[in-house]
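Subject: Structure for you to look at

Hello,

I am passing on a structure that I have been going through, and I would be glad if you opened it while you read. My notes come after it.

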Amino acid sequence: MPAINYVFAREILDSRGNPTLEVEIKTASGACGRAMVPSGASTGKHEAIELRDGDHRRYLGKGVLKAVSNINHKLGPVLAGVDVTSQAEIDDMLIKLDGTENKSCMGANAILGISLAAAYAGAAYTNQPLYTYLGNNHRPMLPVPMFNILNGGKHATGSTDFQEFMVMPSGANSFSHALRMGTEIYHHLKEILASRSLSTSVGDEGGFAPSLPSNTAAIDIIIAAIERAGYKAGKDCFLALDVAGSELYSNGSYVLEREGKNLTSAQMVDYYVNLTNDYPVISIEDGLAEDDWQGWQLLNSKIGGYIQLVGDDLYVTSIKRLENGIKARASNSILVKLNQIGTLSETIAALNMARKAGFSAVISHRSGETEDTTIADLAVAMGTGQIKAGAPCRSERTAKYNRLLKIESELGSKAIYSGADVFSNLRGKENETTTRPPTGF
């Protein structure tokens, strides 16, 4: 029987050396599932609440024993006997047991750990890989990776204003080819930085963290690495940015300290217009602050036809906030993080809403990661066509890429790489009246 027989949680460490939790679920049939929960550094204020102990005698107050206890003594026992393949029922029970809108009672980390472990146990019971189990008849698609090869902002103090500078090898002919391209560019970037006596230490997500005078200086040096690797920026490989606009927003303006600029919302929009005119940037995440709705609308009206505008803090994987963004035409894409909302079912519901609205979607890791590879399977299962998992460096990041390599191998001739089609919901500068439907996702 697929009935849940045992739920157990333990405190473990994430990639930053901070506590997080791991959950195991066993069923009466013997099928088991195990999942680890990530943690973010640059978090939106509308995210579900990650429960921490606040006891500064342990792990500087960042322990998660309260969340672990909630699983072992409150949530787990209630799930005993529930069909582990009934994902929606399990997630609904967890939400109701918590009883708060932001999951602050039991903790979004506790709830997500159970939700994901249940999915793994369900996949094991049905003898399917997770990407097939979650697929629900979606066409499996290997995603274009967004390699965060240069870190700034909260991920690397003393580097750039923008938080992430990424390369997207959409011109590759397969995922394994894309991974090779990104890795080669990453290593060439390291060589260029070293030759210029710039730091090659890495930030939280594996990207290099040199001290640079401007954000465009970071873009210039990445383009140099792309070219040195033998690829063409704007053809083989595009650039993507995660600005983390909420982190730059202060007292009604956007502060770019490295560039000595203090910009209004409209001026920040013009900054992006010029940037995308000058450089092969195809995607901008969180270009503006999480509650600057008017700024987002202006940005989308100006460049949303040909640039992917990704809402992260803006939406926090919330159906309610995404619905507002769709109605307001605030962006054309959503970043999806499981721990922002707290259950697998709610995450999939947000993805389905985005798909219906013609939005693209990017499945994403967090800066505090683990060896868990759920996001790799989820990206393939839902056919989103894009994934953020960090630089091709550090095992908590490469675990996701290696999992995608395994999936690609398992799918064999059925393996489809999203490639350039991932941007098919963008009209392009030269033909802004013609819209093609998104491919795959």
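Predicted model: local features only at pLDDT ≥ 70, side-chain atom pairs only at ≥ 80, totals over all residues.

Residues are numbered from 1 along each chain as its sequence is written, and side-chain values use heavy atoms, with hydrogens and water left out.

Let me begin with the sheet. Helices (H or I, at least four residues) and strands (E, at least two) are DSSP runs, numbered from the N terminus. Two strands count as paired if DSSP finds at least two bridges between them. An open sheet of 3 strands is ordered 1-2-3 and pairs antiparallel. Strand 1 (4-13) and strand 3 (32-36) are at the edges with a single partner strand each, so one side of each has no neighbour in the sheet. From one strand to the next, the twist averages 15°. Strand 1 and strand 2 (residues 19-27) run antiparallel and are joined by 9 bridges. Ile-4 has Thr-27 as its bridge partner in strand 2, and Ala-9 has Val-23. The hairpin of these two strands has 5 residues between them, and there Gly-17 takes a positive phi near 80°.

Helix 3 (residues 108-125) lies across strand 1, strand 2 and strand 3, at about 145° to strand 3. Axes here are lines fitted to C-alpha atoms, for helices over the stretch in contact, and angles run from 0 to 180 degrees between N-to-C directions.

On to the core. A nonpolar core is a set of buried Ala, Val, Leu, Ile, Met, Phe, Trp, Tyr and Cys residues joined through side-chain atoms within 4.5 Å; buried means under 20% relative accessible area, with a 1.4 Å probe and protein chains only. The largest one has 132 residues, and Ile-25, Phe-162, Ile-222, Met-268 and Tyr-272 have the most contacts inside it. Helix 3 gives the most to this core, with 11 residues. Counting heavy atoms within 4.5 Å as contact, and not counting residues up to four places away in sequence, Met-268 touches residues including Phe-162, Val-243, Tyr-254 and Leu-288.

Helix 14 (residues 395-411) packs with helix 5 (residues 175-195) at about 150°, the axes being 9 Å apart. That makes helix 5 roughly antiparallel to helix 14, a term for angles over 145 degrees. Phe-175, Ser-176 and Leu-179 of helix 5 meet Tyr-401, Leu-404, Leu-405 and Glu-408 of helix 14.

Helix 13 (residues 374-382) also meets helix 14: their axes come within 8 Å and cross at roughly 40°. In helix 13, Ile-375, Ala-376, Asp-377 and Val-380 meet residues of helix 14, among them Arg-403, Leu-404 and Ile-407.

Finally, two residues. Asp-242, in strand 6 (residues 238-242), is buried with a relative accessible area of 3%. Beyond four places in sequence, its contacts include Phe-162, Glu-164, Asp-286 and Lys-388. Asn-300, in helix 9 (residues 293-303), is buried too, at 15%. Its C-alpha atom is separated by 7.5 Å from that of Asn-332, 32 residues apart along the chain.

Best wishes

Notes:
Buried < 20%, exposed > 50% of the residue type's maximum accessible area, 1.4 Å probe, protein only. Parallel < 35°, antiparallel > 145°, perpendicular 65-115°, else oblique.
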